[in-house]
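Please read this note with the model open beside it. The points are numbered so that each can be checked separately.

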Amino acid sequence: MKLALVYNPKSGSALTRSELQKKCTAASIEVEEFIPINKGFKRKLVPHIKKAGTIAVIGGDGTISAIAGQVANTKATLVPLPGGTLNHFTKDLGIPQDIDKALKRLKKCRPHAVDIASVDDTFFINNSSMGLYPASLHDREDIEPQTGKWPAAVIASLRALVRFKTYHVTIDDHTFKTPFIFVGNNRYSLTSLGGTERSSLDEGILTVYAAKTQSRLRLLQIALFALIGKTKHLPDFDEFHPKSLTIKTKRAKLSVSHDGEVSKFTSPLTYQIHSRALKILG
């Protein structure tokens, strides 16, 4: 088996090129080119995409999402491999989280197509949001060097809740105020532990969660109900499953998260699902 391998050498848990080479050799995989994620890496992907090649990427959700966006709607095949702090996409695909096991099983896998979502021209494999979560990500990056990843996430979330902003939004023809909107690739379900899970990546729909409240107390209630998977019982928390939607706001520029990254977008935002647009092996 031949493939190009994309990796992030700056990741704290990253394997070296030499280590990756040994693991691929042990799994009978020939690496045609190692492509580190740095300036100009997209240009290096072009020849492999044009020849409908196989492109493996090892990393967390953000790294895999960046490569998936390049491979989507082409004849190239993406091989997602776990290698980051958060690996929701590979877990939802049932890929072993041990890199050696993930590599060795590839020879038994067959390519298949899954969905990918986008906000304007930016693709994402998991989810995107505006409001509380993007705001907390900004704080988390500042706090993390002093406290570590998970304490920083908790502190940043609490700060975002204390000073949250509301957005006057129109989703299609429905207008309301909200501090938070979540858009997921395919059907998400809230678990009893406050997390989310997907049972499919090819249903061809988005999941949209929207909180219709400006009350911190109500937001805390939503968070508590989310912990037990009971948000459907709240009148000011909506869940729906469109194939596309447009979000308009009074603010011209918005901070929007997409698979853990935050970028500036211009209102209105257009979200859509791209059914079976991503060919994967894994």
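1. Basis. The model is predicted: local features need pLDDT of at least 70, side-chain atom pairs count only at pLDDT 80 or more, and totals for chains, interfaces and linings use all residues. Residues are numbered from 1 along each chain as its sequence is written, and side-chain values use heavy atoms, with hydrogens and water left out.

2. Strand β1. This strand spans residues 2–7; strands are DSSP runs of E with at least two residues, helices are runs of H or I with at least four, and both are numbered from the N terminus. Of the 6 residues in β1, 5 are buried, so the strand is mostly covered. Buried here means under 20% relative accessible area, exposed means over 50%, and partly exposed lies in between, with a 1.4 Å probe and protein chains only.

3. Partners of β1. Two strands pair if DSSP finds at least two bridges between them. β1 runs parallel to strand β2 (residues 30–36), and 6 bridges join them. Within this pairing, Lys-2 stands opposite Glu-30. β1 also pairs in the parallel sense with strand β3 (residues 54–59), over 4 bridges. There, Ala-56 in β3 is the bridge partner of Leu-5.

4. Helix α3. Residues 61–71 form this helix, which is mostly covered, with 8 of its 11 residues buried. The buried residues are Asp-61, Thr-63, Ile-64, Ser-65, Ile-67, Ala-68, Gly-69 and Val-71. As background, an α-helix has 3.6 residues a turn, so residues three or four places apart point the same way. After α3 comes Asn-73, which has a positive phi near 65°.

5. The whole structure holds 4 aromatic pairs. Rings of Phe, Tyr and Trp (its six-membered ring) pair if their centres lie within 6.5 Å; planes under 30 degrees apart count as stacked, over 60 as edge-to-face and the rest as tilted. The centres of Tyr-7 and Phe-34 are 6.2 Å apart and their planes stand at 85°, so this pair is edge-to-face. Because Tyr-7 lies in β1 and Phe-34 in β2, the pair ties together parts that are 27 residues apart in sequence. Tyr-7 counts as buried at 10% relative accessibility, and Phe-34 counts as buried at 7%.

6. A ring cluster. Phe-182 and Tyr-188 form an edge-to-face pair, 5.3 Å centre to centre with 80° between the planes. Both residues are buried. Ring pairs link Phe-182, Tyr-188 and Tyr-209 into a cluster.
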